[in-house]
Amino acid sequence: MLSFIARRLLYMVPTLVLISIVAFAIIQLPPGDFLTTFIARMSAQGEAIDQAQIDSLRERYGLDEPIYVQYFKWIGGIVTDLDFGQSFEWKRSVADLVWDRLPLTVLLAGATLTLTWILAFPIGIYSAVKQYSIGDYLATTIGYLGLAIPNFMIALILLYIGFRYFGQSVGGLFSPEYQDAAWNLGKVLDLLSHIWIPLIVLGTAGTAGLIRILRANLLDELRKPYVVAARARGVPERRLLVRYPLRVAMNPFISTIGWVLPALVGGEVIVAKVLSLPTTGPLMLSALTSQDMYLAGSIIMIISVLTVVGTLISDIALAWLDPRVRLRRH
Amino acid sequence: MPQPDVLLEVKGLKTHFFLDEGVVRAVDGVNLTLPRGKTVCVVGESGCGKSMTARSVLGLIEPPGKVVDGNIWWSPSVDRAPAAMTGNGAPIDLAALDRRSERLRQIRGKDIAMIFQEPMASLSPMYTVGDQLTETIRLHLPMNKREARDHGVSLLRRVGIPRPEQRMDAYPWQLSGGMCQRVMIAIALSCGPSLLIADEPTTALDVTTQARIIDLLAQLQADTGMSMMFITHDLGVVAEIADEVIVMYLGTVVEQGSVDQIFHNPKHPYTRALLASIPTMGRGARKRLPTIRGQVPPPLNRPPGCPYHPRCDLAVAGLCDTADPPTVEFSDGHRTRCVLHDPQTLREHEERMVRTAQEDT
């Protein structure tokens, strides 16, 4: 088990190096750089910037150096003292910017994952064990709706309901009066009254998907000969279900850990925009459009690390759960 | 009511599968008896209802399948009757018990054990051999973990698994198919069942392993005195281990008798055809192997009357294809379900034919 984890940790290094190179290169792909975007915006507003100012900025940001020098400066800073560089756009360090948004993002991700599991687990089992019952059809219908309706659509509908019928200040995670307040009971309650909308919006598709996966997996397992054999040995039904087929069908739940974190940190940009959530998604979007390369690159880097770490965690959990993963040599 | 020396008596068992395309009558009126302490082989082609009959006994039929009719009389001997039961060993109708009932669950694995076709798939890959073995022991016998493990090790040794202590901690996929089947047999024997149902236990194994497993089963049956219901389509195995033979065709029992009666004096045309199609070494080995003409009818479209009549060389037109054949009893429990052995019906049919012929002229 230990060698398995050590081997996986070792594999992470080249993976992350490759990701950092690709991410950096892709950010540089569009013609121009942050300054050209900046100048274009300035002149659109009717402000002229003289060439000397541009040159001094270009030199200050190190934009006139070759791309590989920029890359090594950036990655060197990250590796040696966790310095992700400066954001041109915000005139602040990338670390500060991301750190502002990361805790709430992780909180939201964790809450969504928990909600997804709590809902999907019993419903998925019920759907499989009582296949073609009314409850199964109901769960299937709701599941398909959850999968088919775009998330931003649900977000808009819930915003409307929240505003029209509950008189809430919609959008964001806090009411204006708590926006910059220090943490206290009132702020926590305010957060709770706001967080349900993004929770439902972000949770529906995941829950629906997981219900379908668990149902399909469990149905496959329920028909395996070892289930019949266990029943023929006199194993009681409930114990049989939990101990035998369900343990195998659990695998997708474990695998979700791997992708739910990066999806919530980086994806769901549209939902986060619609709901004006203070998460990292919109931050990355604006960094990409304004070619704020250190900010964009660093967020991509963080997401990649989270993905790789998440996958590692889910693989370890899987190995712990499934002896075939743990003991079989590949 | 079954006779005292009968352990299990199946009467008019019907197990049907209700599919969208129609009803498949997998078991359609099976009558058979399992004598106490004997080995009974059930033979027949694939899809004749052998396995489904066995599964019906233990209530293992899953929807869309259902036992729709019939009785399965189970008569545990007085000293073996579980405390939960009436105590005097009165027969219980297993077919009347709910398949999820606690009473049936207690019988499964304890009084009636079963082993299956694919030993590797019949053990869960998530648990060690020892886990699955001791689980069964502790479900039915009052033992603590230590005792159950010791009992498990002794069982593995008994079924011929080398280094049983280490094998207890092996996962099924670390063992060969033959070893897995030995483990299944050990689990089946763990609670000292009165009846072992073996559903084609050697089909998925290679030939040398097959022979060893069959020898093991025959020996264990002789040692423990349990009854064994052995389902197979290998007549060679039947000749080797059977005391009695049940021949099935399309969800019905066409003939039951002792192994001598079946092999030396078969009554039903199907049994005869089946025996004629065994390849023999030496004598006539260069001749073409006789086969039964035609094919098993599709399950959704069963012929009326005797299910075998479209393939039977001796079928009587106007009789076999209209009426269900009668069950004819011979001496010593040998019986067959064929009109050819019922002179009275044949005579009546002939007279009727003659009469209609006369009326026509």
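Start by selecting residues 80-87 of chain B, where pLDDT stays under 50. The model has 14 contacts beyond four places in sequence for this stretch. Where pLDDT is low, the predicted coordinates should not be read in detail.

Next, select the whole of chain B. Its average pLDDT is 85, and 94% of the residues score at least 70. The scores for the model are ipTM 0.85 and pTM 0.80.

Show chain B as a cartoon. Along the principal axes, the C-alpha atoms of chain B fill a box of roughly 85 × 55 × 45 Å.

Now show chain A as well, and look at where the two chains meet. How many residues of chain B are in contact with chain A? There are 30, and they touch 23 residues of chain A. The area buried between the chains is about 2400 Å², and carbon and sulfur atoms give 61% of that area. Select M126(B), Y127(B) and W173(B): in chain B these lose the most area to chain A, together 29% of what that side buries.

Then turn to the polar side of the interface. Between chain B and chain A, eleven residue pairs are in polar contact. Colour β6 (112-115), α3 (129-140) and α6 (177-189) of chain B; each supplies at least two residues of the side that touches chain A. Which of these elements gives the most? The answer is α3(B), with six residues. By class, this side of chain B has 15 nonpolar, seven polar and eight charged residues.

The last stop is the salt bridges. Select R100(B) and E237(A), which form a salt bridge with their closest N and O atoms 3.3 Å apart. Then select E62(B) and R231(A), another salt bridge, where the closest N and O atoms are 2.7 Å apart. E62(B) lies in the loop between α1 (50-57) and β4 (65-74) of chain B, and R231(A) lies in helix α9 (residues 225-232) of chain A, so this pair joins two chains.

How values were computed: Residues numbered from 1 in each chain as written. Chains lettered and ligands numbered in written order. Predicted model: local features only at pLDDT ≥ 70, side-chain atom pairs only at ≥ 80, totals over all residues. Heavy atoms only, no water. pLDDT = per-residue confidence, 0-100. Contact = heavy atoms within 4.5 Å. Buried area = accessible area lost by both parts, 1.4 Å probe. Salt bridge = Lys/Arg side-chain N within 4 Å of Asp/Glu carboxyl O. Polar contact = N/O pair within 3.5 Å; in protein donor to acceptor, adjacent residues only side chain to side chain. Helix = DSSP H or I, 4+ residues; strand = E, 2+ residues; numbered from the N terminus. Nonpolar A, V, L, I, M, F, W, Y, C, P; charged D, E, K, R; others polar.
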